[in-house]
Every structure is written in structure tokens, then in C-alpha cells.
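Please open the model in a viewer and keep the selection tool at hand.

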Amino acid sequence: MDKRYFDFRDIFQAIRYGFSGRKIAVHLGGLVLAYLIYQILVYLSLFVVGNTAAQDFWNEYGLLPVLPFSDTGLTQITEIAMWIGVVCFACIFFLASTVVSKITIEQLRGDFFFSVGDAITFLKRHWKSVFGAFIGLLLIQILLALIPLSIAGLGKLPVVGKLFLTISSLFMPIGFFLGVLMALIAVIFGVSLLFVPAVVATTGADVFETIYQQFALVWNRPWLMVCYEAMLFLMKLVFVPIWAFFCLAGFSIVMLPVSLLHTGEMEHITACANLWLGGAIEKLTMLPYINSFGVFNIGMAMKEASAFTTTVTAIFLTVTILMIVGLVIAYLFSIASAGNTMVYLILRKKIDGHNLLERLNEDAIETPDVAPEPEPE
């Protein structure tokens with residue numbers, strides 16, 4: 001087992017622990033599931049709108065996921081469907097991140113054969129802690145926000161409204177501290193987006209303990225946490241593009257002979273795939289060095305029906321490109337999950353001296369102390 005320093009040196013190992021087939025596969029599976037749910041919800045909403053909404057959206061964006069805050073001029077029902085899809089994506093991401101964090105912590109404890117199935121079994125027992133922590137922090141923020149909102153609302157009452165506001169102004173200093181508390185909870189909620197999966201996977205904590213750990217991280221080691229997260233971010237900036245380059249180079253090397261020997265067909269196939277991906281391939285080729293081998297040369301974008309073999313090939317090309325993009329994003333998520341787990345281990349060690357690498361028996365049942373029976377003489 002590798003030596004642990006419980007300082008910044010351990011964070012560099014996030015690259016190695018993140019580059020794992022199991023962890024990348026978990027996040028890739030989550031991305032595929034979230035992508036399918038998102039696209040199904042969007043196109044169902046477009047069919048509900050009727051007319052040519054679905055066809056117009058397909059001609060413009062195809063299979064390219066469109067974010068709900070984009071200026072697309074879509075109807076409100078489609079935007080609602082998009083936001084529901086975003087929420088589903090977030091839920092799936094945090095579940096997948098908990099699974100990856102659990103695999104990571106068990107590897108750090110020396111169990112390199114801890115499987116995805118074992119991590120999913122753990123998740124089935126503790127998924128409520130993951131979502132409960134987020135919901136709990138949101139409820140605390142909402143309850144605190146109700147105080148100034150109620151005061152402002154009562155101030156609109158006729159006759160007594162202005163008098164009530166005048167009396168309430170006497171408590172302005174208390175209101176200031178309330179605002180500071182709300183700002184602190186907002187920061188804690190942002191931190192929880194990074195560390196809730198790691199806390200649950202590492203300790204098996206319940207909702208209240210998970211929320212308490214977020215407060216402890218922000219209150220005790222805020223700047224150290226910022227520095228470690230900045231280091232992790234810089235490592236992502238370096239190694240994720242390297243992984244993307246190898247994925248793109250592997251795809252280009254495999255497709256190069258076909259592109260050279262069947263140039264016309266491949267240009268037409270790539271044009272079909274480009275249409276189905278909302279012009280993403282064409283935009284991708286504008287970046288430097290992306291199309292150095294000429295694999296992504298796009299012919300005339302034909303919208304009419306193509307030959308059956310060309311259509312089938314274009315479908316598989318589209319799926320392959322989406323898979324490559326998914327692999328790159330999955331590696332990014334894998335580094336984030338493994339890295340945040342390591343950051344939490346370090347911070348917890350510095351906060352209370354607790355070494356979380358010491359294995360906890362999560363299934364142990366506490367039994368009362370019973371005095372042993374005396375041995376017969």
C-alpha cells in the first residue's frame with residue numbers, strides 16, 4: 001500500500017486513482033443514462049408542443065444536448081423538461097460519484113479488489129444521506145430566508161405596514177448576522193457539491209453527520225480546502241486534455257485508412273453525423289490540430305435520405321463520437337471523485353486527527369457490554 005502523507009503530496013495521486021477503468025465506466029454509465037433521460041424528456045416535450053417543433057429542433061440541434069439557459073427561443077414546457085433533465089443528471093452524477101468515492105477509499109485502505117457491485121450495494125444503504133444532505137441545507141437556507149421575506153411581506157399591509165417596518169428596523173443588527181449566516185450556508189452548500197459523496201462513501205455517515213462535516217470543513221480549514229481544490233483543478237486542466245488527445249488520436253488512426261481509400265463516402269457519412277450532432281463536428285474541426293489527419297473532412301450536408309449502408313455507418317460514427325466525448329467527461333468526473341475523496345481524508349486528518357483509512361465496520365451492531373462468565377476452577 002502506498003505511503004500516505006496527509007498533505008498536498010497525496011493529491012497528486014488523484015490522477016492515478018482517477019485513471020481507472022472501473023471508475024471511468026461508472027461515470028460513463030451515469031452520463032449515458034443521464035443523456036438518454038435528458039433527450040427523451042426534451043423530445044417528448046417537443047411532441048407535446050406539436051406542429052413542427054420536434055422537426056425544427058432536430059434540424060437545428062439533432063442529438064446535441066442543449067442547456068435550458070441557452071437562448072434557443074423554445075417553449076416553456078420544453079424549458080421545464082430541460083430543467084428536469086438537468087436535475088436528473090445531477091442526481092445520477094452524485095450517485096455515481098459516491099460509488100467511485102467508495103471504490104477509491106477501499107483502494108486506499110488496501111482493498112484493490114473492491115468491486116463496482118460492492119460499491120452499489122453500499123450505495124443502496126446510504127443514498128438517502130447523499131440527497132438528504134443537499135435537501136437539508138436547502139431547507140435551512142429557505143427557513144432563514146423566510147424571516148426577511150415575511151418582514152417585507154408584512155410591511156405591505158395597509159395602515160400598520162409602515163409601523164411594523166419601523167419597529168423591525170430596531171432589529172437590523174440581528175438581521176445583519178442573519179444575512180451573514182445565510183451567506184455562510186450558501187458557501188457550505190457549494191462545498192457540499194464537492195464533498196458530500198466523499199463524506200458518505202468514506203464514513204457511511206447519516207444525513208446530520210454529513211451536514212455537520214460540511215460545516216466543519218468550511219469552518220476549520222477553509223483556505224487549505226481552497227488551495228487543495230485549486231491544485232486538483234490545475235491537474236484536471238493538464239491531464240484531461242491529454243486523455244482527450246489520446247482518445248482523438250486513437251480514433252483518427254483507426255479511421256485514417258478508410259478516409260484515404262473511401263474519401264467521398266466518408267465525407268458524406270461525416271456530413272450526416274455532423275447534421276445529427278447539430279454541427280458539433282464542424283465546430284470541432286475549427287480547433288487547431290483536431291483534423292490534422294483529415295479524418296473529419298465534411299462533404300456536402302445532405303438532408304435527403306441516404307443509402308441504407310451510409311445511414312447505418314453514420315449512426316455508428318455518431319454513437320462513437322458521443323462515446324469518445326463521454327469518455328473524456330467521465331475521466332474528468334473520475335478525477336474529481338477520487339481527488340475530492342483524498343482532499344477530504346487530508347482535511348479530516350488535520351481537523352480532528354482522525355485517520356479515515358482505518359477500516360470501519362459499517363455493518364457492525366452495537367451490543368451491550370456483558371461481563372464474561374467466570375471460568376470453572
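The model is predicted: local features need pLDDT of at least 70, side-chain atom pairs count only at pLDDT 80 or more, and totals for chains, interfaces and linings use all residues. Residues are numbered from 1 along each chain as its sequence is written, and side-chain values use heavy atoms, with hydrogens and water left out.

**Helix pair.** Select residues 21-49 (α3) and 53-61 (α4), whose axes come within 7 Å and cross at roughly 140 degrees. Helices are DSSP runs of H or I with at least four residues, numbered from the N terminus. Axes are lines fitted to C-alpha atoms over the stretch in contact, with angles from 0 to 180 degrees between N-to-C directions. The two helices α3 and α4 are therefore oblique to each other, as angles under 35 degrees count as roughly parallel, over 145 as roughly antiparallel, 65 to 115 as roughly perpendicular and the rest as oblique. Next, display V42, Y43, L46, F47 and V49 of α3, which meet A53, A54, F57 and W58 of α4; contact means heavy atoms within 4.5 Å.

**Single residue.** Move to T98 in helix α5 (residues 76-108). T98 has 1% relative accessibility and counts as buried (buried is under 20% relative accessible area, exposed over 50%, partly exposed in between; 1.4 Å probe, protein chains only). Leaving aside residues up to four places away in sequence, T98 touches F122, L123, V130, P197, V200 and A201.

**Loop residue.** Finish at L157, in the loop between α6 and α7. L157 is partly exposed, with a relative accessible area of 42%.
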